[in-house]
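Colleague: I am new to this structure. Please take a close look at the ligand and what surrounds it, and walk me through that part.

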Amino acid sequence: MVAELNEGTARVKRGLAEMLRGGVIMDVVNAEQAKIAEDAGAVAVMALERVPADIRRDGGVARMSDPALIREIQETVTIPVMAKVRIGHFAEAQILEAMEVDYIDESEVLTPADESYHVDKWAFQVPFVCGATNLGEALRRIGEGAALIRSKGEAGTGNVVEAVRHLRSITSDLRAIAAASEQELYGWAKKLNAPYELVAEIHANGGHLPVPLFCAGGIATPADASLVMQLGAEANFVGSGIFKSGDPARRARAIVEATTHYQDPQTLIRVSENLGEAMVGIEMDALDQHLADRGW
Ligand SMILES: O=C(CO)[C@H](O)[C@H](O)COP(=O)(O)O
């Protein structure tokens, strides 16, 4: 009975994620930015107090946003509103569910609250998105009830290299599982430290993750958006790359168009022209802290 209920709820939650396919979800820190995102064609906004670049710069403990800020953003836009909780912080998630946010992001961008357990996402009606650096991590989150996976990348750097690494890792293992024999699936489950049933489901459905796979962390240009879509992402999360650039409204529109028409170089040329200053990025070697290492 519980399994049937979980299966029914999972279908509804994953359906919501599927509606965001092909789009851009933008981090916004106030109502004005939320409006810029909506006007630019974002499919959803992520309400948070500081974009990842500022969280990284300022340090300190990063927590769930002030409910008043989230409510103001909910009242400003008609597109879905997501908000973040700390890894394992189910009390923050209960607050966001009661506020009727459309999606909860259990995010490594915030300071983790629990070093052993992620949130039991089956306990919630609201769908969750979680980050992953590899397929094992993605399947562990799906096993806990996540309805959407985003590759983590390295948020707040304006550097797409980690997003590319994580996406390539996930998609190459998906392809290998599709090609594996049924016997080898047990070995894959062991290697990935992931539920066998999910590995078998990937094999049975030709190498697709059981939930949509989006990309996050470090996307700063229209070409970055196209690159990760061509590598298998089905939608993009973008924060710092837009609101730490010289002309956020224009760059937001360009990244939306680039995500939609990611295979059309003519569109990519047009939207990349005269975009103003891009966010100043950070090399991975210069980082004190890798946010993607949070979670397991
Ligand atoms: O969903 C997210 C993480 O929880 C962020 O939206 C995403 O990582 C943004 O990263 P960046 O600021 O580098 O664009």
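**The ligand and its surroundings**

Modeller: A side-chain N or O atom of S240 lies 2.5 Å from an oxygen atom of the ligand. Bear in mind that this is a predicted model. For D105, a polar atom of the side chain is 2.7 Å from a ligand oxygen. For G218, the atom concerned is a backbone N or O, and its distance from a ligand oxygen is 2.8 Å. On its own, the ligand would expose 370 Å², and the protein buries 100% of this area. As for location, the ligand sits in the largest cavity. Two elements each give two or more residues to the shell around the ligand: strand 4, residues 103-107, and strand 8, residues 236-238.

The ligand has 17 residues around it, and those that come nearest are D27, K84, D105, S107 and S240. By type, the shell consists of 7 nonpolar, 6 polar and 4 charged residues.

The structure holds 3 aromatic pairs. In one of them, Y186 and Y196 have ring centres 4.4 Å apart and planes at 5°, so this pair counts as stacked. Y186 belongs to helix 8 (residues 184-192) and Y196 to helix 9 (residues 196-204), so the pair ties together parts 10 residues apart in sequence.

Conventions. Residues are numbered from 1 along each chain as its sequence is written. This is a predicted model: local features need pLDDT of at least 70, side-chain atom pairs count only at pLDDT 80 or more; totals for chains, interfaces and linings use all residues. Side-chain values use heavy atoms; hydrogens and water are left out. A residue is near a molecule or strand if one of its heavy atoms lies within 4 Å of it. A polar contact is a pair of N or O atoms within 3.5 Å; within protein, one must be able to donate a hydrogen and the other to accept it, and residues adjacent in sequence count only if both atoms are side-chain atoms. Accessible areas come from the Shrake-Rupley method with a 1.4 Å probe; for residues, only the protein chains shown count as cover. On a 1 Å grid over the protein atoms alone, a cavity is a set of points where a 1.4 Å probe fits but cannot get out, and a pocket is an open set with protein on both sides within 12 Å along at least five of seven lines; lining residues have an atom within 4 Å of a point. A molecule sits in a cavity or pocket if more than half of its atoms lie within 2 Å of its grid points. Helices (H or I, at least four residues) and strands (E, at least two) are DSSP runs, numbered from the N terminus. Ala, Val, Leu, Ile, Met, Phe, Trp, Tyr, Cys and Pro count as nonpolar, Asp, Glu, Lys and Arg as charged, and the others, Gly among them, as polar. Rings of Phe, Tyr and Trp (its six-membered ring) pair if their centres lie within 6.5 Å; planes under 30 degrees apart count as stacked, over 60 as edge-to-face and the rest as tilted.
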